[in-house]
Amino acid sequence: MDVRGIVADDVDVRTVSTSYGETELAEVPMRLETADAERPDGRVADGGLETERLADGHERTTVTLWNKWTESAQLLEPGMELLVTDAETKEYQGEKQYSTTGESYVVVEPSFLVNVTAIRNWVECPRLYYLNKLSGVPLNYPVVKGTIVHEVFGDLLRGRELEESIDARVEERGLQLGLLGETPEAVAEDVRENATAIEGWLEQGRLTEGDGSTEAAESTEQTFSPAESSWRSEQLLISETFGIRGRADAIRRGAPVELKTGKNLRKEPRFKDKVQAACYALLLEEHGDEVDTGTLLYTKNSALDRNEETGDLTPAKDFSMGAGLLKFVVRLRNEIAAMEVNGDVPTGYEGDAKCEYCFEQDTCMVVSGRLAQESKAGQIGRPLPDEELEYFERLYRAIEAERRAVHREYAKLWRQDAQERADDDRALIDLEFVEKRPLEEGRWELRARRTAGGTSKLREGDLVLASDGHPVRGDAELAMIERIDEEVVVTADEPVEVTRLDVYPSELTTDRLLVALHDCLLKGDGRRKDVLFGREEPAFSLPEETFIDNNAAQNEAVRKAVGAEDFALIHGPPGTGKTYTIARAIRAMVDRGERVLLSAFTNRAVDNALEAVLEGIGDSLDDDRIVRVGSESGVREDMQPYRLERAGDPEDRLAELENARVVAATTATCGSREMKEQAFDVALVDEAAQLTEPGTFAAANLAERFVLVGDHEQLPPVVRSEGGTQHGLENTSDDEPRAADLTESLFERLVERFPEAGVMLDCQYRMNQRIQYFASQEFYDGELRPAEPAVAGRTLDDLEGVTRDALPEQLRDPVAFVDVEGDGSRYTDDVEAARIAELIETYADAGLAYDDIGVIAPFRAQVSTISKHVPDAVAVDTVDRFQGSSQELIIVSFTATGQLEGPIFEDYRRINVALTRPKRALVLVGDSRALESDPVYARMLEWAQ
DNA sequence: TCTCTGCCTAGAGGA
């Protein structure tokens, strides 16, 4: 039976005498999860025992961990989650207790999914794991080559021809190879050397494998065919029991095969390689296969290197895996999980690797020296100033809290049932599998039909877990959504019979935030840090020329952007021509011969800004000097011609990127290995108030100086972690990072600290004066004003075919309030939705086109309710998604009856965004009693009535 | 059930 619960108190570890001699044991006081809950995998947590039941339905008991599991017990802290499989029960002083058996595994924090590579790194040196996370793996040739060899291996298993695969895989990495100064021929030759060893071995295996049937032998005559020979390539595996996730290179007859692009002439595989294979064995075991062997393929082993001892001719080394190794691997995994949850930093003393052999030795010593960390390798350099150390510590923990939030998303893959996932918009379920079709590249195209309506967050270009029913327990593979409407089309490496798609949570953003933080503080320019940490004032050498002659604030903003030596801040309230100002600033910079990075958090913002730059730069720069870096699905259609292809001839791709005078990319992409090789004179970051500090650094790190453009009175960065209440860690809640560390943008902090480095654009070109008034008073100290009389006086009458006189009197004013009592539900309001539908018809009757109307609601549930009532052409969305756009008429649904409940109303920046979207008319629809209950909303009501 | 975008995964190697 499995025992799962929360550690309730300190753990007692001691040595006792048994008939076998001295033995270690650990007694863990635990609070069990709801007793008789049957787990979805059919295992039953203990239900029948008469243990002490607590008021909350949890039972309290003691679990005894024997022998080597005491090592994992030492890691436990009260509040951590613990799982013991195959436990036995015993009675002690009238109380039922549990203890490990010979079959048991002990898993610390099982819902934290540890990567297989993390375990592999950790077994070599725990600090290596930490360093990889902190400073990232830079672009280097051995790694790129290794990746290509792996891809070719997968292709061979899927039946692709060797030369075709090599050519295609080398071609795909054109940009990376260009950055590394490699030629396709040399790389292909290098890959060929490694791949022929594999091919020969596969061929040999095919002849001797004796899969049995003559049918199999015949059908594999041409190329190796996995379908007939119980092979499977590249499978993503997740274990909910062991808390491990990884992607096996290949699986042969249920056993893992791991490829290594190197040489190993010894008889045995390297220990860390065995550990890696053992991880996959554990993963496979959970999927129902008993695994006791593994194979390692060292591609540089060839006949020439015949091992004297064994006479090995092949690159393959088979080895057997005992229960001891598997348990050892779980204990390693426990160390990582405990460290991640506690936020500890490994020193290197935990392992016994020799630092002089380590290729990360220099990095290790520098990080130790600069961050004042104890390390086995020693330290180089002086520690950062205290304020920087404190900052690093704080942000590191905030980012790690964010990482744990991503892990909670992983855990939902198995903790929530299908319907819950679907209701959460995180999965499409009950699909009807239609067909699988092999693609040229050896991948598969999979089609399924949707049997029910329903929304989901899934979009074209997203990476998803495609499964035949369950993303963890079933047959599942990572897939890319190609098309999603009534039919869903995805591509994947393996032909899964798809009936369900799940959002696959990614740690990529958190990984990149951490690296950006590291780069800023440890590699960053000293002068910049002096300014960021308030030791120096930002400097300017402002140009005399006039860039924009009809808007003083915009002109001043461009002067500051061009003349900043450290940074400049452009505060752009709604409709004030931020993008135009950016375009002018970039033009001025380019005219001065500077290379500019244009960035923002979202693809949409990057494309919008780039569009303005293209309009503004026009004649002054050839099109091929402007490059958009990003994925095909992320970049807007009309910007595709500027998008940098990754595939192709290395020299061409490199030239395209390096010759570009303006490079546009999201901040996440700025943290990519390719972009990190680039250098710029200026980084200009739009929508900077929506970025976390490390997110801003990802762009700023690449440039000599930076310009941030944004509005901190609009929406802040999206942060997932709650910054306090962390699952299973009540005892350390005092030390938990405050969410504020990531929710306040660098833009906002710098605007407050160095107001003189910023300019606020004060003329808006969007709203009728009456509409603008409230936002100006409430959020911009009354300083926002219409740019010209035509803006101040604009009304719906200006639009062709619209007659305001045809509207009821109440709606003739540019701002109107419609009092609706509401239906009292929490996140939806049918009464409001129906009233809004009527309003839309009223405006349509007065001549307004549906696509000039936008409806904003606070909750997604209300958005979908309203959508059902109104024509498709009307844009209905949440505030968050409306940020950055505008409409002639905006109708706001407040969706609250009696009182304003919920945190969504507490952030007034959200109401600022909603009220500043319209150009000519604004209608507020809501319950006046609810709105009056809050002073800001009450003032809004007064203004609107 | 408050709002929610990124990135494309993990892992690729070297004594």
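The legends below accompany close-up views of a predicted model.

**View 1. The domains of chain A.** The domain assignment divides chain A into domain 1 (1–34 + 57–108), domain 2 (141–203 + 229–330), domain 3 (343–407), domain 4 (423–508), domain 5 (525–720 + 738–760) and domain 6 (767–944). Taken over C-alpha atoms, the centres of domain 1 and domain 2 are separated by 38 Å, and the contact between them draws on nine residues from domain 1 and eight residues from domain 2.

**View 2. The area buried between domain 1 and domain 2.** The size of an interface is often given as the accessible area lost when the parts come together. Between domain 1 and domain 2 the buried area is about 650 Å², and carbon and sulfur atoms give 63% of that area. On the side of domain 1, the residues that lose the most area to domain 2 are Trp69, Tyr105 and Val107, which together account for 67% of what that side buries.

View 3. Sorted by class, the side of domain 1 that touches domain 2 has five nonpolar, three polar and one charged residues.

**View 4. A salt bridge between Glu151 and Arg173.** Side chains of opposite charge can pair when their charged atoms come close. The structure holds 79 salt bridges, and one of them joins Glu151 to Arg173, with the closest N and O atoms 2.8 Å apart. Glu151 belongs to helix α4 (residues 141–157), whereas Arg173 sits in the loop between α5 (162–172) and α6 (174–179), so that the pair links distant parts of the chain, 22 residues apart.

**View 5. The region annotated at residues 743–928.** In an unreviewed entry, UniProt places the feature "domain: DNA2/NAM7 helicase-like C-terminal" at residues 743–928. In the predicted model, the end C-alpha atoms of residues 743–928 lie 31 Å apart, and the span is 34% helix and 20% strand.

Key. Residues numbered from 1 in each chain as written. Chains lettered and ligands numbered in written order. Predicted model: local features only at pLDDT ≥ 70, side-chain atom pairs only at ≥ 80, totals over all residues. Heavy atoms only, no water. Domains from an automatic or database assignment. Contact = heavy atoms within 4.5 Å. Buried area = accessible area lost by both parts, 1.4 Å probe. Nonpolar A, V, L, I, M, F, W, Y, C, P; charged D, E, K, R; others polar. UniProt positions renumbered as here; feature names shortened; annotations may be inferred. Helix = DSSP H or I, 4+ residues; strand = E, 2+ residues; numbered from the N terminus. Salt bridge = Lys/Arg side-chain N within 4 Å of Asp/Glu carboxyl O.
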